[in-house]
Each structure stands twice: as C-alpha cells, then as structure tokens.
Amino acid sequence: MTERKADYEVGYGKPPVHSRFKKGQSGNRPGRTHKQKTEPDLPALDLTRTYIQREGRRMITIREGGEAKSVPVIEAVMHALSIKAMQGSILAQRTLLQHQLAEDARVRAERESTFKIWRDYIRQTEPLFAKAAERGEPPPKIYPHPADMILNYNTLDCRIVGPTNAEEASECERRLENVAFLHELIAYRGEAENGLPSDDNPVVGLFMILYLVEVPMLPPRLRQLSKEANAAIGRRIMGSRQARDAYIDQRARELGCPPNCRQRPPAFLDLRDCGLRFVNGRFVRHRWPKRKIEIG
C-alpha cells in the first residue's frame, strides 16, 4: 500500500491523496444552496392616471406660424382643441367650455377656502386687540394685525399691508419712531410752514422729504401720530429748551442726520431739479420742461 502511494502520480483528475474527499463524507457540508425567493412586485396604483400624466408631459415639436417649437403634449392638444372650437366645431366648443368651467370651479374653491381662513382669523383676533385697548394694555403680539388685512369680497383676495412676523413688527416700530421724530423736527425747523409739495409749490424741505418717504412705508393704521406721541411732543415743547435740544440732537444722531442739524438753517430742494413730482402721497419720476435761468 505504501509503495502504491509512492508510485501515485498527481496530475489532471488525480488530486493528492491527503486532499481527497473521505469515503462517505460529502464535499459540500452545508448542502445545496437554495434559490432565494423574491417577493412579487406590487401592482402600481392609478396606472391610468400615471400614464396620462406621463404622456401629457412628453415634449413634441409642432409648427405654428411657420416656426417650430417644442411643447408638452397636453399643450398641443389644448391648442388643437382651441383651433377646432374657433373653427365652429360644436363638440370642441363644448369640451373646451367644460374644461374651463371645471378649472374656474377649482380656482374659486381654493380662493374661498383661503378667504374663509383669513376672514375667521380677523373675527377671532379683533376682540383681543379691542380688549387690550379698553384696558390700556399693550396690544397682543399677534401677526398680522387684523387692521392690516384688506379683504376683497368681489375677488376673494386678501391683501396684507403690515408686518407679518415679530422681525417686521420691530422694523415697523423703528420706522414709526423715526416718523414721529421727523414730524417734530419739521415743526422745530419751520419746514412745515412751506406746506406739502405740489406742482404749484415744488420747493420742499429736506426733512419733509424724509418724512414723506417714510410715511407710506407704514401700515395705514399707523400713519397718523398716536395720542401718546403727540402728548410727548407737547411735553417737550412746553418743557425746557435745553432738554428738547438735547433730545433732538440725540435722535438726529440715531437717525443718521447731519451733525448740528438743529442749528443749521432750513435747507430746501426744488423737485423740478430732481425730476420728481409729489402725487397721491408719493414721489414719482417726472420730466419737467426745461426752465430758463435768468442771471442778474
């Protein structure tokens, strides 16, 4: 037996004796691997709607007026339907009208839903502000303010003309303080005597211009000075001149006005030289006719 093993030649189909499978033992101990079972794909829902949307978004090339352009299929279909309707096809006219009425109903339903939300919001928040005013308390920090919301019952639109968050409300308060100061500074420097600018009176003071620029940026409910602001101005007028001058100098520095603006003579500007007019509370661009300058 030993001689046989020594004479055994290892080669193709003749593995070494020590690495052969033993008799009665499988060469694959774990056994045959079973095929992995895969779960069947679930059927897609709304296949028809998916195919319609996919086909409607597919781009095609059409010619219109001798010019080729690429448009979605749905746009090409509606374009062809519109042409057929204008040519007198009753079926095309009825189909186009049905689509238009359905779209109008959808848009109106969305507008009505949004409109009712804002209408209910105003009805719920107005009593809160009224109670705070009756008790002499500061208004609640609710944004937007119900008085800043303009509802249009004809178009079912809602327009907000005031701050919508705390940051915008803080900016609005800062601008309101500037407007109150400019109002007092205009009276202090005598610019109010010249009146508001107009085509007949285009000469206006510089601080009056700043005032007229700042006021339209405020909500309509804040464009008139409050009783508290008017009372504070009255107290400063009736108080000591030194305290009032110190207040004006400090507020002028905070506003970025030129130094010693209280002591300088009033400066006026002719709107015709700037190409401006003052119309409906706003400055607008205007081309005035050239003025003749007469010397001496």
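Visitor: Why is F115 called buried?

Guide: In this predicted model, F115 has a relative accessible area of 5%. Buried means under 20%, exposed over 50% and partly exposed in between, with a 1.4 Å probe and protein chains only; F115 is therefore buried. Residues are numbered from 1 along each chain as its sequence is written, and side-chain values use heavy atoms, without hydrogens and water. Local features need pLDDT of at least 70, side-chain atom pairs count only at pLDDT 80 or more, and totals for chains, interfaces and linings use all residues.

Visitor: What makes Y153 exposed or buried?

Guide: The relative accessibility of Y153 is 53%, so Y153 counts as exposed.

Visitor: How many aromatic pairs are there?

Guide: Rings of Phe, Tyr and Trp (its six-membered ring) pair if their centres lie within 6.5 Å; planes under 30 degrees apart count as stacked, over 60 as edge-to-face and the rest as tilted. The count is 4 aromatic pairs.

Visitor: Why is the pair of F115 and Y153 called edge-to-face?

Guide: The ring centres of F115 and Y153 are 5.0 Å apart and the planes stand at 80°, so the pair is edge-to-face.

Visitor: What makes W118 and Y121 an edge-to-face pair?

Guide: Their centres are 5.7 Å apart, with 85° between the planes. W118, at a relative accessible area of 25%, is partly exposed, whereas Y121, at 18%, is buried.

Visitor: How do you know that R236 sits over the ring of Y247?

Guide: A charge sits over a ring if NZ of Lys or CZ of Arg is within 6 Å of the ring centre and within 35 degrees of the ring normal. The charged end of R236 is 4.0 Å from the ring centre of Y247 and sits over that ring.
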